[in-house]
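Dear colleague,

I am passing on the structure below, and after it you will find a short account of what came out of looking through it. Please read it beside the model itself.

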There are 2 protein chains.
Amino acid sequence: MRSVSVVGIGETKMGKFPERSLRDLILEAGTKAIGDAGIEKERIEALYLGNYNGSYWSLQSHMGPLGSEVLGLGDIPTLRTEGACATGSLAFRQGLMAVAAGFYDVVLVGGVEKMTHRQTETVTTGLASAADADLEVSLGATFPSLFAMIANRYFFEYGNVREQMAVCAVQNHDNALLNPDAQMHKKITVQDVCNGFPVAYPFTVYDCSLVSDGACFVVLAATDVAGEFCKKRLVEVAGSGHAGDAITMAAKKSLTTFTATLGAARQAYEMAGIRPADVDFAEVHDCFTITQIINIEDLGFFPKGRGAAAVAAGRTALDGELPINPSGGLKAKGHPIGCTGLSQIYEAVVQIRGEAGARQVKNAETGLTHNLGGSGATCLVHIFRGR
Amino acid sequence: MRSVSVVGIGETKMGKFPERSLRDLILEAGTKAIGDAGIEKERIEALYLGNYNGSYWSLQSHMGPLGSEVLGLGDIPTLRTEGACATGSLAFRQGLMAVAAGFYDVVLVGGVEKMTHRQTETVTTGLASAADADLEVSLGATFPSLFAMIANRYFFEYGNVREQMAVCAVQNHDNALLNPDAQMHKKITVQDVCNGFPVAYPFTVYDCSLVSDGACFVVLAATDVAGEFCKKRLVEVAGSGHAGDAITMAAKKSLTTFTATLGAARQAYEMAGIRPADVDFAEVHDCFTITQIINIEDLGFFPKGRGAAAVAAGRTALDGELPINPSGGLKAKGHPIGCTGLSQIYEAVVQIRGEAGARQVKNAETGLTHNLGGSGATCLVHIFRGR
């Protein structure tokens, strides 16, 4: 397999943009990424575009050729991927595999979602379709309720970490204050989180990630051709992992460990030839505060049952030993579903290039992104390294 | 790249099954394919699952892990692909590329769609989302109307072939009479087609493909390991091509040639090292009768503007020189969108194995499948050869 690098990145601000269409979002982020790569459009050989649920929220499927038309990419092959909240990383991995194997030298990978134009109930229904429609949603399950069950089980197994867990949200909001692309620029406290509007016990509204519009694109190239056009620091994809699990909660072996994360992380670490301790910073899927806690344990950063204490001790803050979600995460940067995995990768590249400004992680040489779909049924982990 | 072969196939009957869920359809077709391959489930390393619009029609997204759970495939990685009516072939090509490149030795590829449980208007709205929601559908466009424009333009450029075009439907219905999996078992005449219930001039209901439920799965394996378990004749994937085009009709260079077909066909022929004349039979995307005419021209089987005359002369009938759609095609076998591309491949394998019974094509050694999405915005062509 050939080495593959990220040679261009671009994203929109995340937020609520009633006046902007899917086309607008794609155009802005895609144009930025192509421009950042310093590449002529004619060199782009394929488009991989993640979109979770435009089919339902905007009655727009077939997003691949929509993207290639908007960006003027001609008759190149396009693929839309979908795997719930891991949709963006799925697109990334397909593009990565195609370049690594030598099918293409340069591809464009993107993710886009538009959610805020629909009413809350419609957004919730569309999100719930990432769970099992017949066996879960028909019984009233929504994602806050599913992850609330996970949180309660975690409390049962490892003790009530309600206040420590809230620190995830506080830190992510702190980081987002330093990210101009973030949707939420608002400082919060542990007490704000714990006393917030109740959603599903133990979650308040501050434990939950945002509903967002946004798009993010990256240009991937075989490392040995990247030098022909890329003028910025090359960021190599050092590791990639992808594993799955049952879609229904009832079929999972554990509620407090995501099997898919274990598998994807193992593959990515092995491919990169590193251990968790070698990671300098990570973007970790924080759809809910408890998810971030479980994920940083499953990724091997902290022992099982000890993640919340590590967060509360400041070890994952921007100036801690292992900064988590310097971008602000799904919680505060935003969570436009199909875009999220790509936006995590965007942050990894920005950090490794040293372009993160006020939120720059020190010595950011090796970054990890972790993207989870459904209640843990799809997981992708990627590891990036500066060259 | 390694040689890859289809080592197992399974499909449901196509039709209207109000009592059967997406799970039921996946379970039947997937189990049949795994059984046909004679393989233990533990050898399957990844699942590629095409589904067009379960997100809208069944409020079920995230179909990858749904499929792996139903089929008991454990924590393998899964991917849902979507590219309008080419969704199934997109899943196939991703699986093919992954095995050819050596990422996996054995993968399962499937396609599923459930449409008939929704009202006609909802089905039409869901289908229309494969066109541009803002620039086409908002103006009232649906797929019958878009392809009717294509037919009228074809008439303008090459003459009115209304009656000759109708022979596509007649032949596909004839073939479907011999296919037990076909939805429609009904002999029709050219007069039935021309005098049928009008849909969008020049189409009557008999020019239009069916609304269907169905699923189809295939097992793909590296040819050099296939001998370890496959007891049937190996069917090698000799060629694969994938090209695209603008999503909107207005942005296309021509309405009577699909640029994406030209590109995908060129790639597939080149990879297989053959010319169109070397193809013994083909499954060709016939969402409407005019589409089949344009496609058999674009694929190089007949000169531009001469496809309809070739069909009317019986040259594409089951006993003709180049049988087209021996399965009955989208018109009469059925068109469960995400399943269709896989079901075309199913037919290619059945024919090459010599298992097609009453509809067996003579000397079926090399078969081609052609799958088109939207109004020609996504196209995949595959070529299969017996070993």
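In helix α11 of chain B the buried residues are B:T289, B:I290, B:T291, B:Q292, B:I293, B:I294, B:N295, B:I296, B:E297 and B:D298, where buried means that 20 or more other C-beta atoms lie within 10 Å of the residue's own, with C-beta atoms placed from the backbone (12 or fewer makes a residue exposed, and anything in between partly exposed). Please bear in mind that this is a predicted model, in which local features need pLDDT of at least 70 and side-chain atom pairs count only at pLDDT 80 or more, while totals for chains, interfaces and linings use all residues. Residues are numbered from 1 along each chain as its sequence is written, and chains are lettered from A and ligands numbered from 1 in the order in which they are written.

Because 10 of the 10 residues of α11(B), residues 289-298, are buried, this helix is largely enclosed by the rest of the structure. Its buried residues pack against α6 (143-158), α7 (162-176), α10 (259-272), β9 (281-284), α12 (307-312) and β10 (366-373) of chain B; helices (H or I, at least four residues) and strands (E, at least two) are DSSP runs numbered from the N terminus. Just after the helix, B:G300 takes a positive phi of about 85 degrees.

Strand β2 of chain B (residues 47-50) is covered on both faces, with B:L47 and B:L49 buried on one side and B:Y48 and B:G50 buried on the other. This strand pairs in the parallel sense with β3 (residues 78-82) over four bridges, and B:G50 has B:T81 as its bridge partner there. It also pairs in the parallel sense with β4 (residues 106-113) over four bridges, where B:V109 is the partner of B:Y48 (pairing requires at least two DSSP bridges between the strands).

With best wishes

Definitions and conventions
Contact = placed C-beta atoms within 7 Å.
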